[in-house]
Structures are given as structure tokens and as C-alpha cells.
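Please look over the model shown here before reading on, and keep it in view as the text moves from one residue to its surroundings.

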Amino acid sequence: MVINPWWLFAGLAAVQLGDAALCIRPVEFVRACLEDVGFPRRYWRLLPVLKTASAAALIVGIWFLPLAVLTTASLVVYFLVAISLHVRAKDYGRNLFLNATGMLVLCTSALVVALQAV
């Protein structure tokens with residue numbers, strides 16, 4: 001069985017892969033974001049690995065629903081933590097309202113679709 005709309009998960013996977021690429025050697029705006037929220041530098045190298053793994057899991061999840069549910073739920077938690085870090089750092093700009101909140105909405109939408117497909 002293929003989850004529908006499958007393109008939501010494929011698109012989210014593409015965004016995660018793009019974000020992973022930006023985190024390999026963090027580009028300036030990613031570096032600034034991580035520094036602004038106080039994310040420890042020692043964990044920066046884990047971000048591309050985690051984001052690539054989530055992209056792969058989202059693709060597999062198109063055909064294997066439990067993985068779609070697990071991955072989208074994990075991404076919702078990830079972005080809730082990201083939002084809390086922005087709020088704690090009083091970083092109320094684009095990174096919070098466009099990036100983190102936008103991704104939370106997208107991931108929550110994908111989670112709802114995955115849960116409805118179960």
C-alpha cells in the first residue's frame with residue numbers, strides 16, 4: 001500500500017535532504033541560527049546524519065506506514081524542540097516564524113495524513 005498523498009512525504013524528504021546538505025559545512029545562515037539558539041557545536045555534525053536518515057525513512061514510509069508515522073512524529077518533536085530553543089533564546093525572527101514553525105506545520109500535516117492512513 002502506498003500512502004496518499006505520497007508527494008507530501010517525498011517533498012518533505014527532499015526538504016530534509018536539502019537541509020542536510022546545508023548542515024554538512026553549515027552555510028552562514030544555518031551557522032548563525034545554530035549559534036543564536038545556543039545549539040552546542042559538538043552536535044552540529046550529527047545534524048546532516050539525522051536529516052538524511054529522516055529523509056530516507058520518509059521515502060521508505062511511503063510504502064511502510066509504521067515508519068511514516070514514527071518519522072513524522074519524530075520530526076514534529078524535533079521542530080517543537082527547535083521552536084522552544086528559539087523562544088528560549090528570544091530569537092523571534094525569520095528562523096522561528098518562517099523556518100521552524102513552517103516545518104512544524106508541514107511535519108504535523110504529514111503526521112496527520114500518516115495517522116489517517118493507518
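Val-2 is partly exposed, with a relative accessible area of 37%, where buried means under 20% relative accessible area, exposed over 50%, and partly exposed in between (1.4 Å probe, protein chains only). This residue lies in the segment before helix 1 (6-24), helices being DSSP runs of H or I with at least four residues, numbered from the N terminus. The model is predicted, so local features need pLDDT of at least 70 and side-chain atom pairs count only at pLDDT 80 or more, while totals for chains, interfaces and linings use all residues. Residues are numbered from 1 along each chain as its sequence is written, and side-chain values use heavy atoms, with hydrogens and water left out.

Turning to charged pairs, there are three salt bridges, each defined as a side-chain nitrogen of Lys or Arg within 4 Å of a carboxyl oxygen of Asp or Glu. In one of them Asp-19 pairs with Lys-51, and their closest N and O atoms are 2.7 Å apart. Because Asp-19 lies in helix 1 and Lys-51 in helix 3, the pair ties together parts that are 32 residues apart in sequence. Asp-19 is partly exposed, with a relative accessible area of 22%, whereas Lys-51 is buried at 5%.

Another salt bridge joins the side chains of Glu-28 and Arg-31, at 2.8 Å from N to O; both residues lie in helix 2, three residues apart, which is about one turn of the helix. Glu-28 counts as exposed at 54% relative accessibility, and Arg-31 is partly exposed at 27%.

How values were computed. Helix = DSSP H or I, 4+ residues; strand = E, 2+ residues; numbered from the N terminus.
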